[in-house]
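Please look through the model below before reading on.

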Amino acid sequence: IPAEYAYFKTRHVNDELKLYLTSIFDFEIYPQYQLVYDGIPIHVDRGRVLAYNYLLHTGGDNVNTSIYDVKHQLLQSENLVTKKWHRINTSMPHCVHGINPDKVRIAISIGIEKLS
């Protein structure tokens, strides 16, 4: 992830966690930690169309994950919970709102590059 993405960072998971995650998914995975900060704009992910995210920390008490149409009209918004897998179509415009400025949203993220 380029350094110019001030509101989004990734980190590698360790080998033990990668081995465990490989055992629960029936397709090849590239897991990483995902760090999302306050101010992330509405965006479409590059390099993946679908993601499975396991939230470790939401980043605040009232954080919403929102999906938009191509004109940025809100289609869906949810408060996602920690310690549960969530799937998101990352080829659609989306955003995370309400992250506290002094906190970070932390997830284990597994991206799918193309749908079969």
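How do the residues of the lining of the largest cavity divide into nonpolar, polar and charged? They divide into 3 nonpolar, 3 polar and 1 charged, where Ala, Val, Leu, Ile, Met, Phe, Trp, Tyr, Cys and Pro count as nonpolar, Asp, Glu, Lys and Arg as charged, and the others, Gly among them, as polar. The residues in question are Leu55, Thr58, Val63, Asn64, Thr65, Leu80 and Arg105.

The model is predicted: local features need pLDDT of at least 70, side-chain atom pairs count only at pLDDT 80 or more, and totals for chains, interfaces and linings use all residues. Residues are numbered from 1 along each chain as its sequence is written, and side-chain values use heavy atoms, with hydrogens and water left out. The mean pLDDT of the protein (the predictor's confidence in each residue, from 0 to 100) is 92, and 94% of the residues reach 70 or more. Confidence is lowest in strand β1 (residues 8-12), with a mean of 92, and highest in strand β4 (residues 64-68), with 98.

The protein has 1 helix and 8 strands; helices (H or I, at least four residues) and strands (E, at least two) are DSSP runs, numbered from the N terminus. Along the sequence they follow the pattern β-α-β-β-β-β-β-β-β. The radius of gyration is 14 Å, close to the 13 Å that the globule rule gives for 116 residues, so the protein is as compact as a globular protein of that length. That radius is taken over C-alpha atoms, and the globule rule is 2.2 Å times the number of residues to the power 0.38. Taken along the principal axes, the C-alpha atoms fill a box of roughly 35 × 35 × 30 Å. Of the 116 residues, 38% are buried; buried means under 20% relative accessible area, exposed over 50%, and partly exposed in between (1.4 Å probe, protein chains only).

Empty space comes next. Rolling a probe the size of a water molecule over the atoms shows where empty space is left. On a 1 Å grid over the protein atoms alone, a cavity is a set of points where a 1.4 Å probe fits but cannot get out, and a pocket is an open set with protein on both sides within 12 Å along at least five of seven lines; lining residues have an atom within 4 Å of a point. Grid points are joined across faces, edges and corners, and a volume is the space filled by probe spheres set on the points. By this rule there is 1 cavity of 30 Å³ or more, and the largest cavity holds about 40 Å³ of space.

The largest pocket has a volume of about 680 Å³. It is lined by 32 residues, of which Phe8, His43, Asp45, Arg46 and Arg48 are the closest to its centre. The elements that give two or more residues to this lining are β2 (31-36), β6 (85-89), β7 (94-97) and β8 (105-112). The largest share, 4 residues, comes from β8. By class, the lining of the largest pocket has 15 nonpolar, 11 polar and 6 charged residues.

Strand β8 also has two pairing partners to follow, β2 and β3. Two strands pair if DSSP finds at least two bridges between them. β2 and β8 pair in the antiparallel sense over 6 bridges, with glutamine 32 bridged to serine 109 in β8. Strand β3 (residues 50-57) runs antiparallel to β8 and is joined to β8 by 7 bridges; here alanine 51 has glycine 111 as its bridge partner. Of the 8 residues of β8, 7 are buried, so the strand is largely enclosed by the rest of the structure.

Tyrosine 54 is in strand β3 and, at 22% relative accessibility, counts as partly exposed.

Another antiparallel pair is formed by β4 and strand β5 (residues 74-78), over 4 bridges. In this pair tyrosine 68 stands opposite leucine 74 in β5. The hairpin of β4 and β5 has 5 residues between the strands, and histidine 72 takes a positive phi near 65 degrees there. Histidine 72 is partly exposed, with a relative accessible area of 41%.

Most residues other than glycine have a negative phi, and most peptide bonds are trans. Lysine 83 also has a positive phi, near 60 degrees. Lysine 83 lies in the loop between β5 and β6 and, at 64% relative accessibility, counts as exposed.
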